[in-house]
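Subject: Structure for you to look over

Dear colleague,

I am passing on the structure we talked about, together with some notes on what turned up in it. Please have the sequence and the 3D view open as you read.

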Amino acid sequence: MTDDKECTECGDYVAVLRWRLGYKTCLHCGEKEAKKVRHTVAPMPKSNYILITDLSLLKGLNSSHKGGVGLSL
Ligand SMILES: [Zn+2]
């Protein structure tokens, strides 16, 4: 009786807890996805990742454009 699931990417082992959270991939593939897809709009606990990447993205925009673009009303 195994509750273990298989990663949809590489067929590797996925912890059942992870699976229940909505992940269908193993840790490695999950991280790869998180890095590859910067603007994942998924209602998942993954939003931690998204928030961080968005913030750093915003910071990058601000510093390179001196905060002017898109903020003038
Ligand atoms: Zn995998």
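Of the 73 residues in the chain, buried residues make up 5%. Please keep in mind throughout that this is a predicted model, in which the mean pLDDT of the chain is 72 and 47% of the residues reach 70 or more. Confidence is highest in strand E1, residues 5–6, at a mean of 93, and lowest in helix H3, residues 47–65, where the mean is 57. Where pLDDT is low, the predicted coordinates should not be read in detail.

As for the overall layout, the chain has three helices and two strands, and from the N terminus on these elements follow one another in the order β-β-α-α-α. Among the contacts between residues at least 6 apart in sequence, 3% join residues that are at least 24 apart.

Glu6 is found in strand E1, and it counts as partly exposed because it has 14 C-beta neighbours inside 10 Å, whereas a buried residue would need 20 or more. Beyond the residues up to four places away in sequence, Glu6 touches Gly11 and Val14.

If its neighbours within four places in sequence are left aside, Glu9 is in contact with Thr25 and Cys29. Between Glu9 and Gly30, which are 21 residues apart along the chain, the separation of the C-alpha atoms is 9.1 Å.

Cys10 also sits in the loop between E1 and strand E2, the latter being residues 13–14. How exposed is Cys10, going by the other C-beta atoms within 10 Å? There are 13 of them, and Cys10 is therefore partly exposed, given that a residue counts as exposed at 12 or fewer. Leaving aside its neighbours within four places in sequence, Cys10 is in contact with Cys26 and Cys29. For the pair Cys10 and Cys26, which are 16 residues apart in sequence, the distance in space is 8.0 Å from C-alpha to C-alpha.

With best wishes

How values were computed
Residues numbered from 1 in each chain as written. Predicted model: local features only at pLDDT ≥ 70, side-chain atom pairs only at ≥ 80, totals over all residues. pLDDT = per-residue confidence, 0-100. Helix = DSSP H or I, 4+ residues; strand = E, 2+ residues; numbered from the N terminus. Contact = placed C-beta atoms within 7 Å.
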